[in-house]
Amino acid sequence: MLKTILFIGAGSFVGGVARYPLSRAVQSGVSSPFPWGTMAVNVAGCLLIGILYGLFERNHIGSDALRMFLTVGFCGGFTTFSTFVHENYALLGAGHFSHAVLYPVASFAIGLLAAWIGHLIVRAV
């Protein structure tokens, strides 16, 4: 159990470190209160977790520790639900009501689509 927790923690660290520069790079390229950086990271994380689970199902590859490192750890640390919720709260507080409605709806719909596409990619290869 301790070994699994350490793998998850290491994956979370790597995922969190990877999230920050990607999110900042995307957000710095736009001049909008809409949180494009976090949305891009969350969609990319959904695509990646779809690909990983597709690979795990198809090829039965990787140890349990590797699976935990990549999915629960890396993808969990890479995606940003708590930041997502806080940004929605901030959008509401700033009076950006249309963004506060669009952001969660688009994130969920596009994230679900990205996870599905990840599975399709693995099945097609």
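The legends below describe close-up views of a predicted model.

**View 1. Overall build of the protein.** The protein has five helices and zero strands, where helices (H or I, at least four residues) and strands (E, at least two) are DSSP runs numbered from the N terminus. Its C-alpha trace spans about 50 × 35 × 25 Å along the principal axes. Of the 125 residues, 30% count as buried, a term for under 20% relative accessible area, with exposed meaning over 50% and partly exposed in between (1.4 Å probe, protein chains only). In this predicted model, local features need pLDDT of at least 70 and side-chain atom pairs count only at pLDDT 80 or more, whereas totals for chains, interfaces and linings use all residues. Residues are numbered from 1 along each chain as its sequence is written, and side-chain values use heavy atoms, with hydrogens and water left out.

**View 2. Helices H4 and H5.** The axes of H4 (residues 81-93) and H5 come within 7 Å and cross at roughly 160 degrees. H4 is therefore roughly antiparallel to H5, the label for angles over 145 degrees.

**View 3. The loop at Gly95.** Gly95 lies in the loop between H4 and H5 and is partly exposed, with a relative accessible area of 38%. The C-alpha atoms of Gly95 and Cys46 are separated by 29 Å, although these residues are 49 residues apart along the chain.

**View 4. The segment after H5.** Val125 is located in the segment after helix H5 (97-124), and this residue is exposed, with a relative accessible area of 67%.

Methods. Axes fitted to C-alpha atoms, helices over the stretch in contact; angles between N-to-C directions. Parallel < 35°, antiparallel > 145°, perpendicular 65-115°, else oblique.
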